[in-house]
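Okay, quick one from me today. Let me put the model up, and then I'll talk through the numbers.

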Amino acid sequence: MNAMDEPKTVAAPVTWIDRQANSPYPIWALSALSFSTIPFAVKKMAGVPSMLQSMAFGAIFAGAGYVTHVGDTENGAGIATAWCLSWTFLNARRAITSMKPIPLALFAAVSADTIIYGKKTLEVNGYI
């Protein structure tokens, strides 16, 4: 029997972050927050992503939560991490420099989800 034939053992979540990474609720909350910024995007509030981005990221975050919800926590975490990093790349500077509460809250939520799901993604792939 080689190493490929042995069943993988998955460690039980120990920390709060580990438990959150197995739950769809953090990314669903981010999805709801993203959708809730659409009225501000229409008004072109400084620091808020465009209406198209708000809708697209909201839908993608909801999809990542669904993948996690149906039991594929590893891929759900990977999707959430990738799209949170994409949001950060596209919107973080504008959100921070605007110094307005709504964009900063959105940035804080994206950062929190990046940490939550990113830790799991890095563990699954053997980086930590």
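This is a predicted model: local features need pLDDT of at least 70, side-chain atom pairs count only at pLDDT 80 or more; totals for chains, interfaces and linings use all residues.

Residues are numbered from 1 along each chain as its sequence is written, and side-chain values use heavy atoms, with hydrogens and water left out.

Now the fold. We've got 6 helices and 0 strands, taken as DSSP runs numbered from the N terminus (helices are H or I, at least four residues; strands are E, at least two). The C-alpha atoms fill a box of roughly 60 × 25 × 20 Å along the principal axes. Looking at contacts (heavy atoms within 4.5 Å) between residues at least 6 apart in sequence, 67% join residues at least 24 apart.

On to the surface. Shrake-Rupley with a 1.4 Å probe, counting only the protein chains shown as cover for residues, gives about 7,700 Å² for the chain, and 67% of that belongs to carbon and sulfur atoms.

Which residues form a nonpolar patch there? That's F35, V42, M51, L52 and M55, with about 470 Å² of accessible area together. Helix 4, residues 51–69, gives the largest share, 3 residues. M55 sits in helix 4 and is partly exposed, at 36% relative accessible area, where partly exposed runs between the buried cut-off and 50%.

Conventions
Patches are made of residues with over 30% relative accessible area and no salt bridge: like charges are joined within 9 Å, nonpolar side chains (Val, Leu, Ile, Met, Phe, Trp, Tyr) within 5 Å. A salt bridge is a side-chain nitrogen of Lys or Arg within 4 Å of a carboxyl oxygen of Asp or Glu. Buried means under 20% relative accessible area, exposed over 50%, partly exposed in between (1.4 Å probe, protein chains only).
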